[in-house]
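Me: I have a structure to go through for class. Could we work through it together?
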Amino acid sequence: MGEKCEKIWFDGKLVDWNDAKVHVLAHALNYGTGVFEGIRVYQTPKGPAIFRLKDHVRRLVDGCKLMGFDLKFGGKDYTFDDICEAIKDAVRANKKVDYVKPCVFLSGEEVGLNPVGVPTSLAITCIYMGSYLGKGAAAGTKIITASWQRPDYLCGPAGAKVNGSYVASCLAKREAVRQGAGEALMLNKEGRPAECTGENIFFYKFGKIFTPAVSEGILQGVTRASIIQVARDLGYEVVEAPVTRFQLTTADEVWMTGTAAEIAPVSSIDGRDVGNGQPGEIAAKIHAKFHDIAEGKDPKYDAWLDYVN
């Protein structure tokens, strides 16, 4: 999990980590009715900065709209700006933070599926995560193709980060770990690569960068969008389209992107080396540029950073 922090923002109050509690009958615990985000915090010359905070909060609010959640926590109505400010408050209240997870969920006690009228809560948890895929991730991650499908738009809200939707990801992740891999690739209902359990996927072939299109049932990742922009700014052609397992397996380079994972090269898929089995130079070049941006070293992208102080 990483190192826990001192305070959690919970329904308008900063409470001690151990005091952030809900009832065992909370609707979200029993039925997965919540929407969450994961957001990175970077150290910059101007102090801590939250990466693309507004884009993350926009997706959180959109997810709440889709789920029918009112943005009312602890008896108070919250606006988009209020949620942004609450996330900053949570980061300010803790000493060592590189990852923040806001979660809107149905916290009311309810036996039964009906979510209408069940009270909502907002919890904002900060941790120090470090490397999400482990210390060796820079050398490349082994991935397998999961037997579990990426839930599509008929199974649930594929475009939002809904708590219950991630059961399939947890099953696929467990499958990967059991097989000695670090991550699992999930296919969509057509049998095409969609994304990994918590990351979008990219590959490089024929001098172009490819990534599955939004219509493939993927999460519209904030890091994904950032990498597409950065790659294009570096002069690469990026193609968003349906992709095949054959294209992935025979690519020169494959890498994953996500808030937690950032940019993680893939060394093998189902036991077959990607390229020469070593991290590729294209992903490394984009990752280096991404890090400069996230750490406030490139003023051109300053709009992507929300400074906490």
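Me: Is Cys-84 buried or exposed?
Reply: Cys-84 is buried, at a relative accessible area of 8%; buried means under 20%, exposed over 50% and partly exposed in between, with a 1.4 Å probe and protein chains only. Please note that this is a predicted model, in which local features need pLDDT of at least 70 and side-chain atom pairs count only at pLDDT 80 or more, while totals for chains, interfaces and linings use all residues. Residues are numbered from 1 along each chain as its sequence is written, and side-chain values use heavy atoms, with hydrogens and water left out.

Me: How many disulfides does the structure hold?
Reply: The structure holds zero disulfides, a disulfide being a pair of cysteine sulfur atoms within 2.5 Å. For Cys-84, the nearest cysteine sulfur belongs to Cys-64 and is 13 Å away.

Me: What share of the residues is buried?
Reply: Of the 309 residues in the protein chain, 52% count as buried.

Me: What box do the C-alpha atoms fill?
Reply: Along the principal axes, the C-alpha atoms of the protein chain fill a box of roughly 55 × 45 × 30 Å.
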